[in-house]
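These notebook entries record what I looked up in one structure, in the order in which I looked. I begin with a single residue and widen the view from there.

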Amino acid sequence: MFRTGETFHGNELSIQLQREPGQSPRDSYFNFIYQQLRENGEPAGIMVFTFEVTELVKARQALEQVREASARALGDATAG
């Protein structure tokens, strides 16, 4: 659970965004950080930092597909 003064990091929240009018929404990924603000030792608000990581996620997904295909090809080659 989120405790007072603790920073919360969220990873790769997927959101459907329509980037241009008339275009279909597409998956976009964001990392985010919530940080509680304090004044005189009392909670005074929350600061939120959001970073788009769509291209990073897509690159990682492509790499995972290549690794899986390589593992299958290696398995096929050694089995036969």
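**Entry 1. Arg19.** I first looked up how accessible Arg19 is. I note here that the model is a predicted one.

**Entry 2. The partner of Arg19.** Which residue forms a salt bridge with Arg19? I found Glu52, with the closest N and O atoms 2.4 Å apart. This pair links distant parts of the chain, for Glu52 sits in strand E3 and Arg19 in the loop between E1 and E2, 33 residues apart. Glu52 has a relative accessible area of 42%, and I therefore recorded Glu52 as partly exposed.

**Entry 3. Thr54.** From Glu52 I moved to Thr54, because a polar contact of 2.8 Å joins the side chains of these two residues. Thr54 belongs to helix H1, which covers residues 54–79. Is Thr54 buried or exposed? I noted a relative accessible area of 5%; buried means under 20%, so Thr54 is buried. A polar atom of the Thr54 side chain also lies 2.8 Å from the backbone nitrogen of Tyr29. Setting aside neighbours within four places in sequence, I listed the contacts of Thr54 as Arg19, Asp27, Ser28 and Tyr29.

**Entry 4. Salt bridges in the whole structure.** I then asked how many salt bridges the structure holds. The count is 3.

**Entry 5. Arg60.** I looked up Arg60 next and found a salt bridge with Glu12, whose closest N and O atoms are 2.7 Å apart. Arg60 is in helix H1 and Glu12 in strand E1 (residues 7–17), so that the pair, 48 residues apart, links distant parts of the chain. Arg60 also forms a salt bridge with Glu64, and there the closest N and O atoms are 3.6 Å apart. Both Arg60 and Glu64 lie in helix H1, 4 residues apart, which is about one turn of the helix. Salt bridges with shared partners join Glu12, Arg60 and Glu64 into one network.

Entry 6. I recorded Arg60 as partly exposed, at 34% relative accessibility. Glu12 is partly exposed, with a relative accessible area of 28%. Glu64 is likewise partly exposed, with a value of 37%.

**Entry 7. A nonpolar patch.** Which residues make a nonpolar surface patch? I noted Leu37, Met47, Phe49 and Phe51, which together form a patch of about 330 Å². Strand E3 (residues 42–52) gives the largest share of the patch, 3 residues. Leu37 lies in strand E2, residues 26–39. With 34% relative accessibility, Leu37 counts as partly exposed.

**Entry 8. The chain as a whole.** Last, I looked up the overall layout. The chain has 1 helix and 3 strands, and from the N terminus on the order is β-β-β-α. Of its 80 residues, 12% count as buried; Thr54 is one of the buried residues. The chain exposes about 6500 Å², of which carbon and sulfur atoms supply 54%. Among contacts with a separation of 6 or more, 29% are between residues 24 or more positions apart.

Notes: Residues numbered from 1 in each chain as written. Predicted model: local features only at pLDDT ≥ 70, side-chain atom pairs only at ≥ 80, totals over all residues. Heavy atoms only, no water. Patch = residues over 30% accessible without salt bridge, like charges linked within 9 Å, V, L, I, M, F, W, Y side chains within 5 Å. Areas by Shrake-Rupley, 256 points an atom, 1.4 Å probe, with all protein chains shown as cover. Salt bridge = Lys/Arg side-chain N within 4 Å of Asp/Glu carboxyl O. Helix = DSSP H or I, 4+ residues; strand = E, 2+ residues; numbered from the N terminus. Buried < 20%, exposed > 50% of the residue type's maximum accessible area, 1.4 Å probe, protein only. Contact = heavy atoms within 4.5 Å. Polar contact = N/O pair within 3.5 Å; in protein donor to acceptor, adjacent residues only side chain to side chain.
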